[in-house]
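Trainee: I'd like to learn how to read a model like this one, feature by feature. Could you walk me through it?

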Amino acid sequence: ETLDGARRIAVRSLQKLPETPVGAAGYNVRYRVDSLPSETLSLLKPLLDKSLSDAGYVIGGKALRREVKFGDGTLNLSITTPTEGPAEIEFNFHRTSLKTDELQHWLSVPLDEIRQVVTTLSSNVLGLVLGSGEVEDGI
């Protein structure tokens, strides 16, 4: 799988270049969906929307972002709905550290655990059933 291969490359890079300054490592699981269910859309309707509408502004795209603790790092969950085009749901698994062994450990979190977190948050919190997603990795 793409995510697993990219994570192995990142870990090998950290092992082979231990003196190279690196401050963070992470990976993204990103989905694009044509439409969001109403329960997910309701999460994107904060009180700010009413205030903006009351002030005469027309709301175009919307974005919601939450940062939650995940293991030794952070899971950043973002939902973006542009004015036109598909909505995007992104799960960014991020770890900040100046110690390469900690970053290697972070990138070695079992892929099944990542899948389970993404599946649980998608279905139980967002009310979505997502496919395989588009995966991007980075160190």
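Predicted model: local features only at pLDDT ≥ 70, side-chain atom pairs only at ≥ 80, totals over all residues.

Trainee: Where is His94 found?

Mentor: His94 is in strand E4, which spans residues 87-96.

Trainee: Is His94 buried, partly exposed or exposed?

Mentor: Go by relative accessible area: under 20% is buried and over 50% is exposed, with partly exposed in between. The relative accessible area of His94 is 27%, so His94 counts as partly exposed.

Trainee: And which residues does His94 touch, leaving out those up to four places away in sequence?

Mentor: With those left out, His94 touches Ala24, Ala25, Gly26, Gly73, Thr74, Asn76 and Trp106. For a sense of distance, take Ala6: His94 and Ala6 are 88 residues apart in sequence, and their C-alpha atoms are 15 Å apart in space.

Trainee: Thr74 turned up in that list. Where does Thr74 sit, and in which strand?

Mentor: Thr74 belongs to strand E3, residues 73-81. Its relative accessible area is 18%, so Thr74 is buried. Again leaving out residues up to four places away in sequence, Thr74 touches Glu67, Val68, Asn92, Phe93, His94 and Trp106.

Trainee: Asn92 is among those. What polar contact does the side chain of Asn92 make with Asn28?

Mentor: It's side chain to side chain, with Asn28 and Asn92 2.5 Å apart. Asn28 lies in strand E1, residues 24-33. With a relative accessible area of 15%, Asn28 is buried.

Trainee: Let's move on to helices. How are two packed helices described?

Mentor: You give the angle between their axes and the distance between the axes. Here, helix H1 (residues 2-16) packs with helix H4 (residues 100-107) at an angle of about 165 degrees, and the axes are 9 Å apart.

Trainee: So are H1 and H4 roughly parallel or roughly antiparallel?

Mentor: Over 145 degrees counts as roughly antiparallel, so that is how H1 and H4 run relative to each other. As for handedness, the crossing of H1 past H4 is left-handed.

Trainee: Which residues make the contact?

Mentor: H1 contributes Arg7, Ala10, Val11, Leu14 and Gln15, while H4 contributes Thr100, Leu103, Gln104 and Leu107. Sorted by type, the residues of this contact are 5 nonpolar, 3 polar and 1 charged.

Trainee: Now zoom out for me. How many helices and strands are there in the protein?

Mentor: The protein has 5 helices and 5 strands. Along the sequence they follow the pattern α-β-α-α-β-β-β-α-α-β.

Trainee: What box do the C-alpha atoms fill?

Mentor: Roughly 55 × 30 × 25 Å, taken along the principal axes.

Trainee: And what share of the residues is buried?

Mentor: Buried residues are 37% of the 139 residues in the protein.

Note on methods: Residues numbered from 1 in each chain as written. Heavy atoms only, no water. Axes fitted to C-alpha atoms, helices over the stretch in contact; angles between N-to-C directions. Helix = DSSP H or I, 4+ residues; strand = E, 2+ residues; numbered from the N terminus. Parallel < 35°, antiparallel > 145°, perpendicular 65-115°, else oblique. Left-handed = near helix turned anticlockwise from the far one by under 90°. Contact = heavy atoms within 4.5 Å. Nonpolar A, V, L, I, M, F, W, Y, C, P; charged D, E, K, R; others polar. Buried < 20%, exposed > 50% of the residue type's maximum accessible area, 1.4 Å probe, protein only. Polar contact = N/O pair within 3.5 Å; in protein donor to acceptor, adjacent residues only side chain to side chain.
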